[in-house]
Amino acid sequence: MRVFALLSVLGIALQVPVVTAQDGSISGPTSSSSAAGYSCNPSQCQLPNCNCASTSPPGGLSPSDVPQFVVFTADDAIQSYTIDSVNQFLAQRKNPNGCPIKMTYFTSLNYTNYTLVTDWYVAGNEIADHTMTHVGSPPADEINGNIIALNALAGIPLDAIQGFRAPYLNYTAQTLQLLASVDFTYDSSSASSIPVTDPGTDAYWPYTLDNGLANDCLTVDGICKGLPKIPGLWEIPMYAFFDDLGVDGPHLMDPWLDTANGASSINDTATFEYMKNTFTDHYTGNRQPIGLYTHPIHLSTTYPGVSPPNSTIQMINEYLDWVQMQQDVWIVSNEQLLAWVRNPVAVSELNSFEPLKCPTPQVDPSLKICNGIPQNEAGLLEECDFPDFPFFTCYGCPQVEVSPSNPNPPQQVPAGQQMRYRLPSNCSTPFWDPIAGSCLCQSSDCAFTDNSRPIGPNGANLTGGGTGGDGFDGSGGAPTPTYINFNGANPVKLWSGSLIGMMSTLAVGAFGAATGWVLVNI
């Protein structure tokens, strides 16, 4: 269905005025109850396909029965140095069921290395749309071209690209209409800009636009008071942190780049404290999600010319360590969060909740297949040596660089080689052989194995935190929480990583060194 929708609107441009947020920052409330003028009848708007904007948990659940979700997202190009940046926070972490952390990457294409997009997706992460060339208030070809290019050159299934975030958080009502016209499931460009402790908070659980938007009513024209009515399109607000100034001290994207409490310089300790305080307000209240919304390049230690303070990296890891010490906390992608909101279950039932499990593609590691799994694809990548944005891909180099007007150029076939086959709609990425043009697996029996484990009696404390580095508090070590074995054995100390994780890191590092690209730690 998405293919036909894309073809029908590709090339339509939308030109309307809009208020711009610079790099995703906000300086005060972006909405109010009076500006929102929001009304929704929950008896008529019911899950899974309709949800009213509400501060109360979905499904009528009590907050004590609700997981505390921490969403982790990244914006812009996917490159070795941005993957390094994300991995320094997530690679060694696990959720309460033992599954590796998954996140959402809002991907733009300038400087993106497509094979890393494939690897990141096959490792279980969500790939979402951030326009081709990072433009705010984007026209149709920027949004649709991104989907087409990610499918053609990274092997991301068309139907897997379900989310969108506008660059600079610069969107319009028409942007949202455009997303609906090409079957996006959700947008995540709006801000939750009023603390959850304020009676007029705009920290709503994700909701559908059947009754219009309820966020950003003071900053974006043509929305709120029932507009735009787009049945079935979800809005996942971005939840701000707040320092000691409260509503006048919001911090949205990359809060560690902001000064806190009206100060003139950045203070990691102050940032750490207000991030913990805001989390606690969510956790002890209605447990609305909270997020870390990042531009990874700012914290990259492998990008030339960028030297993030080590204290800031330690502070963020210390915050995540602390968060994972709390009961029933899950670090998730937008895709996982929305799956739970649409079908909410109590924390006692999360063992059987499929979207939080970790299905792993079962592919013989000795096979040579260019499929997004490093040990399989070694030596099979094609290098597309364009002067502006060189990249690698499994799916054949285009004759010219992709662009909004030409997102899927004809393939360039080197002399003596054959054309590579793009991903079809009836095969999953890790099982598609683009060189042979065949699918290794076409049934559910051979596709994926679930590696999650029972959550057990400890909730989040089972796998909480730890990066193996020095703690931000200066104590010289990361937390090593005690947990109860499922078999009733004596409590033991929990390492921050595992032997499997360590071997994975070594294997991926070796492959990255051989190819000149640092790939993901899966």
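Which residue follows helix 4, and is its phi positive or negative? Helix 4 is followed by G124, and the phi of G124 is positive, near 110 degrees. Two notes on method. This is a predicted model, where local features need pLDDT of at least 70 and side-chain atom pairs count only at pLDDT 80 or more, while totals for chains, interfaces and linings use all residues. Residues are numbered from 1 along each chain as its sequence is written, and side-chain values use heavy atoms, with hydrogens and water left out.

Stay with helix 4, residues 114-122. Helices here are DSSP runs of H or I with at least four residues, strands are runs of E with at least two, and both are numbered from the N terminus. Eight of the nine residues in helix 4 are buried. Buried means under 20% relative accessible area, exposed means over 50%, and partly exposed is in between, with a 1.4 Å probe and protein chains only. The buried set in helix 4 includes W120 and V122.

Now the surroundings. Strand 2, helix 4 and strand 3 form a right-handed β-α-β unit. Right-handed means that, with the strands pointing away from the viewer, the path from the first strand over the helix to the second runs clockwise. Strand 2 (residues 104-107) and strand 3 run parallel, joined by four bridges. Two strands pair if DSSP finds at least two bridges between them. Y105 has I127 as its bridge partner in strand 3. In strand 3 (residues 126-129), E126 and A128 point one way, I127 and D129 point the other way, and all are buried. In the loop between strand 2 and helix 4 sits Y111. Y111 is partly exposed, at 49% relative accessible area.

Next, the nonpolar cores. A nonpolar core is a set of buried Ala, Val, Leu, Ile, Met, Phe, Trp, Tyr and Cys residues joined through side-chain atoms within 4.5 Å. The largest has 77 residues, and Y105 and Y319 touch the most other members. Helix 5, residues 140-154, gives the most to this core: eight residues. Apart from it lies another core of 21 residues, including Y186 and F353.

On to charges. How many salt bridges does the structure hold? Five. A salt bridge is a side-chain nitrogen of Lys or Arg within 4 Å of a carboxyl oxygen of Asp or Glu. Take D75 and R165: their closest N and O atoms are 3.1 Å apart. D75 lies in strand 1 and R165 in the loop between strand 4 and helix 6, so the pair ties together parts that are 90 residues apart in sequence. Both D75 and R165 are buried. E354 and K357 form another salt bridge, at 3.2 Å between the closest N and O atoms. K357 counts as buried at 18% relative accessibility.

Last stop, helix 7. Helix 7 (residues 268-283) has 16 residues and reaches 22 Å from first C-alpha to last, close to the 22 Å expected at 1.5 Å a residue. The expected span is 1.5 Å times one less than the number of residues. N267 caps the N-terminal end, with a side-chain oxygen 2.9 Å from the backbone nitrogen of T269. Within helix 7, E273 and K276 are three residues apart, about one helical turn. Their side chains meet in a salt bridge at 3.9 Å, N to O. E273 is partly exposed at 36% relative accessible area, whereas K276 is buried at 18%.

Methods: A polar contact is a pair of N or O atoms within 3.5 Å; within protein, one must be able to donate a hydrogen and the other to accept it, and residues adjacent in sequence count only if both atoms are side-chain atoms.
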